[in-house]
Structures are given as structure tokens and as C-alpha cells.
Amino acid sequence: MSETTLGGIAGRMPRFIRRADPAVLTAFACIVLLLFLGSLYSRSFLSPEYLLQQLKVASFLGVIATGMMLVILLGQIDLSVPWSVAMGAMMASAAAAYGPVGVAVAIPFGIICGMLIGVVNGIGVAYLRIPSMIITLATNAVAQGLMVVYTGGFSPQDSATGAMRYLATGFAIPGVPNAVIIWALIGAAMVFVLTRTSFGRAVYGIGNRERAAYLSGIDTRRVVMIAFAVSGGLSAFGGVLLAGYASKAAQSMGDAYLLPSIAAVVLGGTSILGGRGSYLGTVAGVILITLLQSILSVMQMPEAGRQIIYGIVIVAMLLLYGRAPASR
């Protein structure tokens with residue numbers, strides 16, 4: 001087929017398709033494929049109730065992946081997600097044991113604990129110039145140690161508050177889970193920040209070339225620290241929602257969200273080197289990973305098989321569009 005013919009076909013495509021990121025289109029195409037394959041295995045896979053439940057489950061990962069995307073856009077990584085999630089959940093639940101005042105401040109207290117982890121990460125990366133992989137791994141270990149000391153090595157005995165359960169499982173709008181509404185609000189706020197504010201432009205600028213951003217007058221250290229603080233806070237908030245969903249916190253509840261949160265961002269087209277990506281792609285990546293996990297669960301595949309297929313799919317999609325260009 002000649003280039004003229006291809007150009008004519010492209011010209012007849014809707015404008016939003018021509019302007020869309022190929023990675024985002026690929027992710028949504030894979031979502032459609034997974035829905036089709038799931039419907040072949042089980043008739044209930046396409047039922048509104050089942051899809052709504054999957055969307056609610058995806059919202060927890062979506063909240064956590066929102067913060068991860070902000071950090072990855074800077075060309076950094078946050079490996080403290082597992083225990084930021086667990087600490088947020090455990091501290092919010094623990095606060096509830098201190099009477100009505102504790103119940104009232106439980107959710108913000110859990111989020112603040114996660115933000116403190118993020119601030120430490122941000123100071124280490126922005127001011128001390130420690131590689132993000134090292135400092136976030138260290139703070140994750142410190143948070144784990146603090147929580148083990150707090151619980152004495154046993155499972156946390158504190159229960160989630162009614163407000164936490166309502167946010168995770170309630171319905172402020174009939175038929176729409178609160179968790180989905182929360183993810184939508186956080187996503188809308190992130191889209192606004194990234195596309196309409198100087199902070200968002202600074203994030204993309206730093207991700208593309210930090211030195212150039214600094215010379216243009218951007219306070220790069222402040223932007224990096226804020227981004228890590230937001231990532232820690234959103235991870236902790238994700239933990240608060242998970243605790244509300246399960247009615248209590250667990251020490252290992254955040255372990256299952258580190259790689260999926262990174263994969264969701266990268267599979268949605270955000271460059272792991274920073275400076276390129278859209279939140280719509282992250283949404284697609286979150287839904288894609290959630291559906292993949294659901295299909296493997298419905299098929300009752302052993303855990304080893306799930307991990308193999310899960311890894312193969314991620315690698316295959318990264319080979320399709322997730323590789324970095326030869327030069328930047």
C-alpha cells in the first residue's frame with residue numbers, strides 16, 4: 001500500500017484518533033480484547049454488576065498509580081509504595097482506638113503518615129541527590145520496621161472506622177461505588193494539575209531535562225519534593241481505602257500494589273525515563289491490569305501460572321510501545 005493511500009486513510013480517521021497516543025489506543029484495544037476473552041470463558045464477565053465490581057477494585061490501584069505517575073513523569077521511581085500503603089491503613093485504623101477525636105482524624109492522620117514518607121523521599125532525592133531507587137527502598141524498609149515494632153510482629157487488631165468503610169464500599173450516588181467516585185475526582189484533579197498549572201509544566205520539564213528546567217527558573221528541588229509527598233499521600237490514601245474495604249489493615253496489604261502501580265503507568269504510555277505521558281493512559285493501564293488479574297482468577301489458575309502470564313503480558317506490551325527512544 002502506497003504512502004499516499006495510507007495518508008488518505010489516516011486523513012479520514014476521526015481527529016481524536018489521529019491525535020491520540022498510540023500507546024493509549026493499544027492499551028484500550030487490549031482492554032477490549034480481554035473483555036472479549038473473558039466473555040468466552042464466563043457469561044457473567046460482561047454483566048454490569050461484575051464490571052462495576054472490577055471498576056471498584058481498579059479504583060484502589062488507580063489512586064496509588066496516580067501518585068506513581070507523578071513521580072515517573074519526573075524520571076524517578078517510588079519503591080516505598082508497599083509500606084506507605086500499609087502504614088496509611090494501619091495508622092488510620094489505630095487512630096480510631098482513641099475515642100471520637102481519633103475517629104474524626106483517622107483518615108487525614110493515615111494520609112499524613114504517607115506524606116511524611118514522601119517528604120523524606122523527596123528531601124533525599126531533591127536535596128541530598130540520592131538516587132530515588134535507593135532512598136525509597138530505604139524508607140520502605142524503615143516504615144516496615146516501624147510498623148512491625150508497633151504491632152509487635154502480630155497482625156494489627158485495630159478495625160477500620162465507619163467513614164473508611166463508607167468511602168471504600170458505600171454509595172453516595174446510587175449504583176456508583178464511592179471508591180470509583182474518589183478515583184475519578186483524584187484523576188480529574190491530577191489532569192488539571194498536569195495540563196493547566198505551572199507545577200504540571202514543571203514536572204514535564206524536569207522529566208525531559210532537569211538541567212534545562214533549572215536554568216529556565218524552575219525550583220526543581222521543590223517540585224520533586226512535592227511530587228514525592230503527593231505520591232506518599234496517595235499511596236497512604238489507597239491503603240485507607242483498602243482497610244475500609246477489608247474492614248481492617250494488614251501488614252502485607254501493600255505488597256501487591258508496587259509492581260502493578262508501576263506497570264499501569266508504563267503500560268499506559270508514560271515513559272519510564274520521564275517527561276512523556278497522559279493520565280488517560282494510566283487509567284487504561286489500571287483497568288487493563290485489573291481485568292487481567294480478574295480473568296486469571298476466574299480461570300482458577302495457580303499463583304505460579306498467574307505470575308508467569310502476568311509478566312509475559314507486561315513484557316510483550318512494553319516491547320510494543322514501552323521502549324525508550326535511542327536518544328533523548
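Trainee: How much of the chain counts as buried?
Mentor: Of its 328 residues, 47% are buried (under 20% relative accessible area, 1.4 Å probe, protein chains only). This is a predicted model: local features need pLDDT of at least 70, side-chain atom pairs count only at pLDDT 80 or more, and totals for chains, interfaces and linings use all residues. Residues are numbered from 1 along each chain as its sequence is written, and side-chain values use heavy atoms, leaving out hydrogens and water.
Trainee: How many helices and strands?
Mentor: 15 helices and 0 strands. Helices are DSSP runs of H or I, at least four residues; strands are runs of E, at least two.
Trainee: Which residues form the nonpolar patch on the surface?
Mentor: Leu33, Phe36, Leu37 and Leu40, with about 410 Å² of accessible area together. Nonpolar side chains are joined within 5 Å.
Trainee: Where is Leu40 found?
Mentor: In helix α3, residues 22-41. Leu40 counts as exposed because its relative accessibility is 60%, and exposed means over 50%.
Trainee: New topic. Is Thr197 buried or exposed?
Mentor: Buried, at 19% relative accessible area. Thr197 sits in the loop between α9 (178-196) and α10 (198-208).
Trainee: What does its side chain reach?
Mentor: The Thr197 side chain reaches the backbone oxygen of Val193, at 2.4 Å.

Definitions and conventions. Patch = residues over 30% accessible without salt bridge, like charges linked within 9 Å, V, L, I, M, F, W, Y side chains within 5 Å. Areas by Shrake-Rupley, 256 points an atom, 1.4 Å probe, with all protein chains shown as cover. Salt bridge = Lys/Arg side-chain N within 4 Å of Asp/Glu carboxyl O. Polar contact = N/O pair within 3.5 Å; in protein donor to acceptor, adjacent residues only side chain to side chain.
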